[in-house]
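Good morning, and thank you for making time for this item.

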Amino acid sequence: MTLETREQNKNLELLLNYLPKDDILRNMEYKKNRLYLSIAEFNAMRLMIVSIILTFSMTFSMASEKPNILFIAVDDLRPELGCYGVKYALSPNLDQFAKTAVTFRNHYVQVSTCGASRYALLTGRSPSNSGAVQNHAFYRGKTAIQDKQLPGAQSMPELFKRSGYETVLIGKISHTADGRVYSYNGQGTGKHEMPGAWNRLSTPMGQWKRGWGIFFAYADGKHREDGQGHKNLMQFTVEKDTDLPDGLLAESAISELTKLKAGKKPFFMGLGFFKPHLPFVAPKKDWDAFEKITIPDPEDRKPFDSPYKHSSGEFFKYSTPYEKKRPLNHKSANMARRAYLACVRYVDRQIGKVLQHLERTGLAKNTVVVVWGDHGWHLGDAQQWGKHTPFEIANRSVLMIRTPDVKIGFSTNALAETLDIYPTLLDLCEPEFNETHYPLDGISLGPVLRGEKESVREYATSYWKDSISIRSKTHRLVAKIKNGKIINKELYDLSERLDTVENISSEGSAIEEELTKQISNTN
Ligand SMILES: [Ca+2]
């Protein structure tokens, strides 16, 4: 017996168990006093059985198809969402999504900067093994993805592509806005940032015409890098979602999903929205929506003392509608926070459109959906504006995963790292080709998603400049390292609140000792 025949027989066996026996018995009852069936009756009965078998076979074959993956990245999205308990945020679509997904409340990125965080996500390698802590990790230096096929996949989309998936990129999934490498000013070859990863690069350029143009977009095709000096921190003037890039990304995703639905292959779509990354630009209605909402001040307004405190340079280099005075006064800080939240509302609506289309087309039934923020953002917390710190707020970001078999969503305090996403997707989808060029450093979150375990790790590790930061369930240690030795330690108790306020590092502290030990255990 061939393998194929054995498989068919196994399917048939399963099938017989599921045949609606009542229908068959009813027919047999009717005929029990007769010696034979007429030809017409025989044919009718045969037709009924064949049709049951066919219906079941179709259902069976659909069920055995590989799940699709819709991976949604949102740039610079801290967990400032209703479903993360933030009451003044307006995120109805993600809140709705959370009802059928698993929301990780303690998800931490490996590096609090776009390129390196995404490199860890897409290669599955810890910065301690790859050395990738810079934005250009994908395409420069020894961490660069090689432009040739190696025995093992160099990136997650490449692995799924080699497993027969159709892989499509829309927007920012790796570091650049469209998967091609150019300088901000448009110079460069436009080589692929992750060679071998995508069947299609489908980022719409709209009026902005090029990658970094749509990324740093303002209304009417203007952008930060167009040589005209546009650098406003915020702009809320347009009416329609598609007057700005993220609306176009959602539109492209919808049209690609329709095409993918018609195709025969499973798909991996990477859909990377740009907002709420600076500059804060969204439709006017998103700004207006906060008119009557009280946005609280950051909980801690006094600056903290740490070698990693920064000057919020990326934020302060934009032109502001208020006097740029440090620290920002209450009114100015509130305006900046409102602008960020307005951008979140805009992106939330775009995600909603894509998820609704997934439902409408029936694709949702067999698609794993991941929503991920590439790192957190200090929104004025302790007078920091921006990312790029080793602290809780810069490392903590959104992670929500929906698998087709989860009917009721839940949120979990299980610690999770961005590195865990790649092995999780392998666990959920079981792609045929699963050889990676380097071992994966994360742990599958599958047991948490399936409700088998409360958590899969005791610590989450992040890297920033010369620091290694270890997060336990309750504390974060930030250790500054020079020549292999720890030269400074900061310890924060996060059991009551997540802000980085009071450094409680002290010699002889048991928790500090425990977390310090973990530094030598890091990958
Ligand atoms: Ca980012």
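Predicted model: local features only at pLDDT ≥ 70, side-chain atom pairs only at ≥ 80, totals over all residues.

Helix 9, residues 245-262, and helix 12, residues 330-360, have axes that come within 9 Å and cross at roughly 10 degrees. Which residues make the contact? From helix 9 they are Asp 246, Gly 247, Leu 249, Ala 250, Ala 253, Ile 254 and Leu 257. They meet Tyr 346, Val 347, Gln 350, Lys 353, Val 354, His 357 and Leu 358 in helix 12.

An open sheet of eight strands has the order 4-3-6-1-8-11-2-12, and its pairing is mixed. At its edges stand strand 4, residues 200-201, and strand 12, residues 410-417, each of which pairs on one side only. Within this sheet, please find strand 2, residues 102-108, and strand 11, residues 399-402. These two strands pair in the antiparallel sense over three bridges. Phe 104 stands opposite Leu 399 in strand 11.

There is also an open sheet of four strands, in the order 13-14-15-16, with antiparallel pairing. Strand 13 pairs with strand 14, residues 467-471, in the antiparallel sense over five bridges. Here Ala 460 has Arg 471 of strand 14 as its bridge partner. A helix accompanies this sheet: helix 16, residues 510-521, lies across strand 14, strand 15 and strand 16. Helix 16 runs at about 50 degrees to strand 15, which spans residues 475-482.

Next, helix 14, residues 421-429. Is this helix mostly covered or mostly uncovered? Helix 14 is mostly covered, with eight of its nine residues buried. The buried residues are Ile 421, Tyr 422, Pro 423, Thr 424, Leu 425, Leu 426, Leu 428 and Cys 429. What covers them includes two strands of the eight-stranded sheet, strand 1 (68-74) and strand 8 (367-373). The cover also includes helix 5 (114-123), helix 7 (156-162) and helix 15 (446-449). Just after helix 14, Glu 430 takes a positive phi of about 45 degrees.

Finally, the protein as a whole. Its secondary structure comes to 16 helices and 16 strands. Of the 523 residues, 45% count as buried. Among contacts between residues at least 6 apart in sequence, 71% join residues at least 24 apart.

On confidence, the mean pLDDT is 88, and 86% of the residues reach 70 or more. Over residues 1-39, however, the pLDDT is below 50, and this stretch has 14 contacts in the model beyond near neighbours in sequence. Residues 49-63 also stay under 50, with seven contacts beyond four places in sequence.

Thank you; I shall be glad to take questions.

How values were computed:
Residues numbered from 1 in each chain as written. Pairing = 2+ DSSP bridges. Axes fitted to C-alpha atoms, helices over the stretch in contact; angles between N-to-C directions. Buried ≥ 20, exposed ≤ 12 C-beta atoms within 10 Å, placed from the backbone. pLDDT = per-residue confidence, 0-100.
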